[in-house]
Amino acid sequence: MATTADIEAGTSTTKWVSPKGLKEAGIESYQVGDVLCTARNDLGDKWALCNGGTLPKIEYPKMIPLLPDFGSPWTKTDILTTTSSSNTANSINGIAYGNGYYVAVGNNQLYNATISYATNLAGPWTTRTLWTNGSGAAINNIIFRNNQFICCGYNYNNVCVAYASNPSSDWTIKTIYSGSSNASVFDFKFLNGYYVAYGMINNPKTGNRYIDLIAYTNDITGSWTTINIHEYGSTLGGRCTYINGYYVLNGGLYVQINYNTVEQYACFWYSTSLAGPWTEVRLEKQSGTQNEVADMVYFNGKYIAISFNGKLFYSNQIDTGWVYGTPQSMTEVTDLISYGKYIHTCGVKNSKLYRSFIDSPTGIWNDIDMGFSKDAYSRGRLNHDTYGWTISGRINYLGSIVHSDPDNLILPIITSDKTYNYIKVK
């Protein structure tokens, strides 16, 4: 067994040593992400100097969740750039990466449902129309799964999916549900083995209220099952997700009290099965139609939901005990993403686009000003994938994305007098 003297001398004789022996010898055990302050100026290739430099993500995968691009430079790329005197808006509603391509989906000012693709986030981008309808058409979101890009959107009275392995080739387009005069989709994701479209159709009973529903399948080429969730739905909806064993649909609800009175609620629905039954949970009466529940995550043992107006709610149980957390001073909030030791969201504050993160529902929000004014902005989509963070939406009537460096991690900056600060990276 190695003695303290053996350890300090660094003898070459093979001897075993216990963790206690290392500790008694003053030898610390460091993990990736630990920071060390030292007078030495070279600790080898497993340590990097905390000087704000960069690390290639592909070479340091363990560092990716520890350095989640907080200090990364942010770049705006305008993808749909047509303009008109009427200021009809373009929008980018989602983005995915696969097979060497970034593919963004949305709609242009001519009500065309578009895809745009590039091999670099900065472009150049090629745009194609998948379908069109003069009364309204768009694609809401896109995912990459099983070697295919799969997107979902609407062409006024039909909700469709489209898929292709190469964005420049022919896309297969299928209708998955229809409304007699209106149909739309709020969100589209792959959840727990199923492709799920969450949206609405017109309600013939009311005319100006809607039926919220889901359509799902485990085979994108096969048939779809459609389930009505509730009548008197809202037009904004929210994200669908699968957290802690539950499928969750976020949004709002109209409740007809009598002929002249309708109450509005920020609420969500949950179920252990897409086939139901679905349970409704009302978080609060809405002070406005923008206060619907936008998204929900399960984070550090708590369910956490956020509204479009930035109100935060949390509970230890999904069905009861919901209370207010720390509100975010944003509007147009749409997504909550748990990544690393924080939850992240994005929205508009002071007419600018912000990304924010927080370590608990009662903590203090950390705001990152993206530096882009929002003279006109529609609800964007915050996304994190192998290429880093992207925020897609409508910025000043253009369909745009804001993105962090897709290839590099940004090291922290830590300075001290006459010493060096290193972070363990391998």
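1. Ring pairs tie Tyr-246, Phe-268, Tyr-270, Tyr-298, Tyr-303 and Trp-322 into a cluster. Pairing here takes Phe, Tyr and Trp rings (for Trp, the six-membered one) with centres within 6.5 Å; planes under 30 degrees apart are stacked, over 60 edge-to-face, and the rest tilted. The whole structure holds 16 aromatic pairs.

2. A word on provenance: this is a predicted model, where local features need pLDDT of at least 70, side-chain atom pairs need 80 or more, and totals for chains, interfaces and linings use all residues. Numbering runs from 1 along each chain as its sequence is written, and side-chain values use heavy atoms, with hydrogens and water left out.

3. Have a look at Tyr-242 and Tyr-247, a tilted pair with 4.7 Å between centres and 55° between planes. Tyr-247 is buried at 4% relative accessibility, while Tyr-242 is partly exposed at 30%. Buried means under 20% relative accessible area, exposed over 50%, partly exposed in between (1.4 Å probe, protein chains only).

4. Two arginines sit over rings: Arg-282 over the face of Tyr-265, 4.7 Å from the ring centre, and the charged end of Arg-355 over Trp-389, 4.3 Å from its centre. The criterion is NZ of Lys or CZ of Arg within 6 Å of the ring centre and within 35 degrees of the ring normal.

5. Tyr-265 also turns up among the contacts (heavy atoms within 4.5 Å) of Gln-286, as does Gln-264. Gln-286 is buried at 13%, and its C-alpha lies 5.3 Å from that of Gln-264, 22 residues away in sequence.

Technical notes
Lists of a residue's contacts leave out its neighbours within four places in sequence.
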